[in-house]
Amino acid sequence: METLLFLFPQFNYMAPKEEAYFKTLRPQDFLPVTMKEECGRHKDKERKSRLSLFLTKSGSHENVSPHKKTNTPSRNISAEAALKWSDCFEEVMKDSDGVEIFSQFLRSEFSEENMEFWLACEDYKTIDSETKLLSKAKYIYTVFIESEAPKEVNIDYSTKMAIEQSISEPTKSCFDAAQKKVYSLMQKDSYPRFLHSDLYLHLTRRKGPGAPVFRRRSRSCVFNERAEATSGPSAW
C-alpha cells in the first residue's frame, strides 16, 4: 500500500511560495532507520533458513538433519555400553549409538552443527564421482563454512579462507583441517560436560533414586569427577 504525502512550500524554505509538490511514500518509509535495518536482517535470516531447509532435504547424508533419530528410545543401550564411552571421546564417535546420544546432548546445548558438519565431512570423503563431490562440497560450504551460514561452525579465518579458495575445484581432503578443529572442539569442550549430563548419567544408571554406581577400569584414560583426564592403570 502506498501513501500520497503532500509537501507544502511553507515547510521548504528553498521552494517558491506558490509551489506545492508531493511524494509517494511506501509503508516502510514511515519506519525509523533502525527498524528498516532490522526488517532487512530479518528477511536475510528467513532466506538463510529456507536455504538451510532446502539443502538439508536435498543432502545425501541422512544424519545431517538435526532432527534425525531424535525419538529413538535410549533404553536399548546397556549401561555397560554407555560406560565405555567415558574411556575417551573416540569411544563415543566410533559407536553409532554414542554418536546419536552425543548429538542429542549437543542439541540441548544448541551446538548440534558441530556433529552435523563432522558427519557431512565423513560422508563427503566416501564420494567417488567428481560431479557429486563438487555438489557436496558446495553444500557443506554454503551450510557450514561461509560467513553467516545457517549452521556456521566455529573455525579460524585462515582455515575458512583455504576452503573458500579450493571450493571451485574441491579435493577429498579440502575439509580435513576444519573437520579436525571441530572434532577437537567437541572433544575438549562438549564431551566433558556430556559425561556429567543427566542424559548420560541416566544411561549409565548413575542418576535416579537408588541407582547403583558402576565403576569401570579404563585402558586408555580415566576422567575424574571434574572431567579431567588422568593416566595410569588405577580406575575410579
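Is lysine 125 buried, exposed or partly exposed, and what is its relative accessible area? Lysine 125 is partly exposed, because its relative accessible area of 32% falls between the limits of the scale, on which buried means under 20%, exposed means over 50% and partly exposed lies in between, computed with a 1.4 Å probe and protein chains only. The structure is a predicted model, in which local features need pLDDT of at least 70 and side-chain atom pairs count only at pLDDT 80 or more, whereas totals for chains, interfaces and linings use all residues. Residues are numbered from 1 along each chain as its sequence is written, and side-chain values use heavy atoms, with hydrogens and water left out.

The chain contains 9 helices and 4 strands, where helices (H or I, at least four residues) and strands (E, at least two) are DSSP runs numbered from the N terminus. Read from the N terminus, the order of the elements is β-β-α-α-α-α-α-α-α-α-α-β-β. Of the 236 residues in the chain, 36% are buried, and the exposed surface comes to about 15,200 Å², with 54% supplied by carbon and sulfur atoms; these areas come from the Shrake-Rupley method with a 1.4 Å probe, and for residues only the protein chains shown count as cover. Contacts, meaning heavy atoms within 4.5 Å, also describe the fold: among those between residues at least 6 apart in sequence, 58% join residues at least 24 apart.

The charged side chains come next. The structure holds 9 salt bridges, each being a side-chain nitrogen of Lys or Arg within 4 Å of a carboxyl oxygen of Asp or Glu. One of them joins lysine 125 to glutamate 122, with the closest N and O atoms 3.1 Å apart, and glutamate 122 is itself partly exposed at 31% relative accessibility. In another, glutamate 91 is bridged to lysine 94, the closest N and O atoms being 3.4 Å apart; here glutamate 91 is buried, with a relative accessible area of 13%, whereas lysine 94 counts as exposed at 62%. A further bridge connects arginine 193 with aspartate 189 at 3.1 Å between the closest N and O atoms, and both residues lie in helix α8 (residues 176-195), 4 residues apart, about one turn of the helix. Salt bridges that share partners join Glu109, Asp189 and Arg193 into one network. Arginine 193 is partly exposed at 35% relative accessibility, and aspartate 189 is partly exposed with a relative accessible area of 37%.

Aromatic side chains form a second set of interactions. Rings of Phe, Tyr and Trp (its six-membered ring) pair if their centres lie within 6.5 Å, with planes under 30 degrees apart counted as stacked, over 60 as edge-to-face and the rest as tilted; by this rule there are 11 aromatic pairs. Phenylalanine 89 and phenylalanine 102 form an edge-to-face pair, with 5.4 Å from centre to centre and 70° between the planes. The pair links helix α3 (residues 89-93), which holds phenylalanine 89, to helix α4 (residues 96-108), which holds phenylalanine 102, across 13 residues. Ring pairs link Phe89 and Phe102 into a cluster with Trp85, Phe105, Trp118, Tyr183, Tyr191, Phe194 and Tyr200.

At the start of α6, a side-chain oxygen of serine 129 comes within 3.4 Å of the backbone nitrogen of threonine 131.

Notes: Polar contact = N/O pair within 3.5 Å; in protein donor to acceptor, adjacent residues only side chain to side chain.
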